[in-house]
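I begin with the structure itself.

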Amino acid sequence: MARQVTGKGTLLRLGFNDPDAAMPRLERLGAAADPLLALLGRTADPDLALSGLLAVVDALAEADPRPDTSGGLLAALVDDEGTAMRVLSVLGASVALGDHLVRHPEHWLELRDPVLGSTRPSAASMRAALLRVVGADPLEPAPIATLPDAEAVDALRVEYRRLLLRLVARDLAHDLALADAAAELSDLAVGTLDAALAIARARVGPAAARIRFAVVAMGKCGGHELNYVSDVDVIFVHEAAAEASAGSAQGEAAQDDDAAQAEVSDETALRTATSLAGHLMQICSVHTGEGAVWQVDAALRPEGKAGQLSRTLSGHLAYYERWASTWEFQALLKARPAAGDLELGRAYVEMLQPLIWSAAERDGFVADTQAMRRRVIAHIPVKDADRELKLGAGGLRDVEFAVQLLQLVHGRTDSALRAPTTLSALHELTARGYVGREDGEALHRAYAFLRTMEHRIQLYRMRRTHVVPRDEASLRRLGRSLGFLREPTEALAREWAHQRLEVRRLHEKLFYRPLLSAVAKLPSGEARLSPEAAEERLTALGYGDPKAALRHLEALTAGVTRRAKVQRTLLPVMLEWFAEGADPDAGLFGFRRISEALGESPWYLRALRDEGEIAERLARVLSTSRYTTVLLEREPEALRILGDSLEPPGADALTEEMLAGAVRRAEAGGRAELAVRAVRAVRRRELFRLSAAELLGAADIEAVGAGLSRITDATLGASLRAVIADQVVARGLERAPTRMAIVAMGRYGGFELSYASDADVLFVHQPQPGVEAQVAGSFAQAVVGELRRLLALPGADPALELDADLRPEGRSGPMVRTLDAYRAYYAKWSHVWEAQALLRADAVVGDESLRQEFTELIDPLRYPAGGLSDDDVREIRRIKGRVDAERLPRGADPTTHLKLGRGGLADIEWTVQLLQLRHAHRVPGLRTPRTLDALSAAREAGLVSDPDAEVLIEAWRLVSRVRNAVTLARGRPADSLPDGPVEKHAVASILGYPAGATDEMVNDYLRATRLAHGVVDRVFWE
């Protein structure tokens, strides 16, 4: 019969993983095997529980060889199912506590009903037990350990594990509520701190009695929500006592009564408090034969790990009033007096309450809050990102962060929200209408489940971890410990995934859904935010004009139409994305305008609702770039681009599309103006695509420069053909009397255009055979004039200004010349500065043979045989000196002017161009209009050292990126770093800096340009 009960099939059904090993172990239990088998099958790991039980039986037999010793344990388990369930549950869930029971087998007696009881032990009783085992009197105001030091340290660990064992047994076997387990763990930790402090006082000696010393619990311990294994966060506070306690043990032992009564100096008090704190931390964390308790972490103190270990009340207050960041007040939400002088601890907490509850009014509240979230995310190792219970998406920190932020925002005026415990605070937020009732309950369930998962993971080896294991055996044990006895791994995975999604969904709703209920006037049985509370929340989330934001929300969500319903679904997450941008107000306002323009388009809201990437990209664009937002407002249909790869079309494809549109318009209206308008519409769309790609990190600065140049090439090519065709028709001609080409110059020629750049060009034409020069010239002048006018007309897209000031004779010369006229001018009148300008000439638009002829004409000028003469080098340097002295705008800061400032674009480009003029005749790689390509060729040729080339490349890229970012952020060009905080934040955000890192961005810019200026001094000025 026994064989049938313990057959392999039965053991597998009960959850044993290794029935071959289990059967002989069950044989060792003898008659106890059958009664205990079903109970073993209810544990997290029946194999572990069975082997652990036998190890404890063996340990009992070794400690007391009498036959009834180990038999007493088995008999008790058979006789009392409650005791059996507690013992086996512990052994099946925790190998660490199983090892403890093997070292101290008598502790199994702690799990019997008469001893354990059914109620939670009081904090006072646990403190008293822990103090007594180290030989301290719990009734003393400042208890001191009397056991020998090493003995006291070990005794503290054994007693801690004894009390912990009782808690774990009730948690596993009696479904202890998470809040009760966490609170009891916190009380146990506080008692342990007091006992460790008693040992520390014994180490420090009489000096300890001459100060008041308090331990303030922070974090989960302070909030009565400690994990099974966690660092215990604390802050230490001390005061120099005016008089020592004459009745204390140290006072009696003092050798000099007068000294004992004397006032203690601040320096002495600090030294004593630091010694007490250091010993306390070491006593808890040091590893002995009985293991360690846990780490005491004082890193939340003022100045963190760099700050002094303990401070006086006035020292703490001075720091928090002047230097503390918002996240430090967020941490203080959970502060409570824990050990030592509790009156002093209470004074500390009460002193800081006004500062805690005014933190949301601080200027840096939003930036500090966002920075705190970034730090949380940054701490996740990449390999563990998908397994993190605490820090990952949908994890514990999402809940805790959300609850704490709501407390800081609304707890200023509602003191009921000031509970330090997450679940208690969530209950109050729900009861008082700041969180929807169903949402609050769902978040409570999700948080309790995730914390219970965390507890079960930590219990196994009593190690601090928040990472869900990957191996099958651990997942199986974890699932069974949570009650999933059938298909534990699969059931655990399903429930965990569900709760993570719930947390992410509810995290959004906690902040943003109540804002909609405040403005949408929806019928609801739940309490809603008042307009004032909604404004408070929007302000805390970074909206500068909360009243306007509420008006936008009301306009978007009013009514019962399908559009309003979809907006109410979209806006919670959109509002969060706007809040993460540089200008949330601009983001929301832009979204309202786009929605009003496209609201009747059936694809618009469907795309935002169903394709999350489009919505998130849109929020990023709208809250960061005025330039791109304006483009989108004028071309709302371009929103579809955000669902694509953002890869721009090739130059040929773009030109063909523009030409097709121009031909359709020209045929319909017969005029070049309509054709060029069609070309500019395509340009507007492509500018949106390219700027969005830069904002979203899909295009680097070189790709942007090349992309803008390709867009300009296509725009000029299509527009030139349309205008020529129009002039031919208008003049009654059969064909154009002259061939025409446009030569790109400056940054346009170098494929380095920015959003703020004009297009520097030269116009060249060559009369057709047999055509009079005057007729050809008149035609060419008319084409150029009309082309410039049509591209500069005000319209829905940014105008394209064609700047021909680099032509021969400058502004006083003719706008367009023949190829022969260029040849004659350059042969007789050309100056070295014109050769320098031609370095970036690129004949890209118009008649192909004419473009080739022009390039052959200018190559000997810009790449002179033998390089430059010494006089020419001096002339270039003289001109550069005048530019530096005269061209910088009055009042401009030379350290932050992007183009003409020290180490700016002009410095770098003039340096490269001087190298090209001097050496391109012998270094073919220098014969390029692109600055970085020429710089790389100069490095390869040994004209510039590797370090100097890297400095110039880095500076050129950074300054060019900043210049683009300024235009994107402001919506209009500027040649200096912005001064305003919103625009500076937007620029930093576009460059990839996190929120609150604008100073870092400015410092990086100043460093790069300073180093570049040093290279320019060496290479250009020699």
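**Entry 1, helix α40.** I looked up which residues of α40 are buried in this predicted model, and I found L850, F854, L857, I858 and R862. I then asked what these buried residues pack against, and noted the strands β6 (738–744) and β7 (759–767) together with the helices α38 (819–828), α39 (832–838) and α42 (905–919). I also checked the length of α40, which covers residues 848–862: because 15 residues at 1.5 Å a residue should span 21 Å, the 21 Å between its end C-alpha atoms agrees.

I turned next to α16 (residues 266–285), whose 20 residues reach 28 Å from the first C-alpha to the last, close to the 28 Å expected at 1.5 Å a residue. The buried residues that I listed here are A269, T272, A273, L276, A277, L280, M281, I283 and C284. Seen down the axis of α16, these buried residues fall within an arc of 165°, so I wrote that they line one face of the helix. Among what covers them I noted the helices α11 (149–173) and α12 (178–204), and the strands β1 (211–217) and β2 (232–240).

Is R683 buried or exposed? I found R683 in helix α34 (residues 672–695), and its relative accessible area is 9%, which means that it counts as buried, since the cut-off is under 20%. Leaving out residues up to four places away in sequence, I recorded that R683 touches M658, I711, T715, D797, P798, A799 and L800.

Notes. Residues are numbered from 1 along each chain as its sequence is written. This is a predicted model: local features need pLDDT of at least 70, side-chain atom pairs count only at pLDDT 80 or more; totals for chains, interfaces and linings use all residues. Side-chain values use heavy atoms; hydrogens and water are left out. Helices (H or I, at least four residues) and strands (E, at least two) are DSSP runs, numbered from the N terminus. The expected span of a helix is 1.5 Å times one less than its number of residues. Buried means under 20% relative accessible area, exposed over 50%, partly exposed in between (1.4 Å probe, protein chains only). Contact means heavy atoms within 4.5 Å. The arc is that of the directions from the helix axis to the C-beta atoms.
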